[in-house]
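Please open the structure in your viewer and keep the selection tool at hand. The stops below are taken one at a time.

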Amino acid sequence: MNVERFIEDAIAEIKRNIQGRAIIGLSGGVDSSVCAVLAHRALGERLVSVYVDSGLMRQSESERIEELFKDLGLVRVNAQERFLEALRGITDPEEKRMVVGETFIRIFEEEAGSIGSDCLIQGTIYPDRIESDGGIKAHHNVGGLPSRMEFKSIVEPLRDLYKEDVRQVARALGLPAEISERMPFPGPGLAVRVAGEVTSDKLDVVRRANAIVEEELKEFNPWQALAALLGKATGVKEGDRIYGYVIAVRAVSSQDAMTAEAMELPWKALRRISSRITGEIPAVCRVVYDLTPKPPGTIEFE
Ligand code: XMP
């Protein structure tokens, strides 16, 4: 791919397709960040970048994103309660995606309404479309979109790119390494890393576990490393039998997320993760490591 050429073309395409104001959902991931910078170059003040704090983000992520993108005039919407309420009682993974996707879109519509825009820019990339079209998963920035939407147009400048192409564009645009090299993180966030119903307690546990896993596995440079809360199991803590949470650790290598291999990590690193998670998070009494490649597993647990 000719990166400079892509950047020029993408900016020209955005200019051509968008006459008035447009809104973009910026999550801080490499896709939406690249999209926001391209759109900002094309539209300047006509672009409104919205960061929705869904409460499904990783530790300290919201504050960091606000800081990094303050030059784009980022609007932050605090919607933690709204997402929890929308997710209450929902256990099916695809239904969770729909609910999260729908809630995001309704918030964007409200924000767009308040600035008089009917155009949404999205950072959908090629593998998102393929997996959604193939019915593998309804990625919320594609298949999870509600059928009734207020937006007249949706512009997806990265629709033909693979993740590695997006990273190249990010570097060429001068985005910092913490964005250009950022691990993929699913649109529905930690909601798909909690098996079954999402509650604020479970989110708190899985958020802390993800922070430990990312910190401990950084040196191994995984495509993705994550923690998912699976359910409950018995354990013994401080001499008492408890019924605590099971955390699954997953670390994979991959080229494009369509297939993946579980990483062969040193036992010492795995042991350290296990002892930190059970030691630092009182409600967890068991940690397991997922060995499954994709296929048959997927990268996320839901
Ligand atoms: P799976 O779990 O399907 O994930 O092997 C492939 C890649 O996509 C991410 N992922 C998602 N991204 N919305 C997204 O924007 C989603 O609903 C979603 N589900 C999975 C996952 O983290 C991995 O990088």
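The tour goes from a pair of helices to a serine and then to the cysteines.

This is a predicted model, in which local features need pLDDT of at least 70 and side-chain atom pairs count only at pLDDT 80 or more, while totals for chains, interfaces and linings use all residues. Residues are numbered from 1 along each chain as its sequence is written, and side-chain values use heavy atoms, with hydrogens and water left out.

Select residues 3–17, helix H1, and residues 30–43, helix H2: they pack at an angle of about 60°, with axes 9 Å apart. Now show the side chains in contact (heavy atoms within 4.5 Å). H1 contributes Phe6, Ile7, Ala10, Ile11, Ile14 and Lys15, and H2 contributes Leu38, Ala39, Arg41, Ala42 and Leu43. Of these contact residues, 9 are nonpolar, none polar and 2 charged.

Next, select serine 32, which lies in helix H2. Serine 32 is buried, at 9% relative accessible area (buried means under 20%, exposed over 50%, partly exposed in between, with a 1.4 Å probe and protein chains only). Apart from neighbours within four places in sequence, serine 32 touches Ile24, Gly25, Leu26 and Ser27.

Then select cysteine 35, which is buried with a relative accessible area of 0%. Which cysteine has the sulfur closest to that of cysteine 35? That is cysteine 119, at 11 Å, too far for a bond. The count of disulfides (pairs of cysteine sulfur atoms within 2.5 Å) is 0. Finish at cysteine 285, which counts as buried at 15% relative accessibility.

Definitions and conventions
Axes are lines fitted to C-alpha atoms, for helices over the stretch in contact, and angles run from 0 to 180 degrees between N-to-C directions. Helices (H or I, at least four residues) and strands (E, at least two) are DSSP runs, numbered from the N terminus. Ala, Val, Leu, Ile, Met, Phe, Trp, Tyr, Cys and Pro count as nonpolar, Asp, Glu, Lys and Arg as charged, and the others, Gly among them, as polar.
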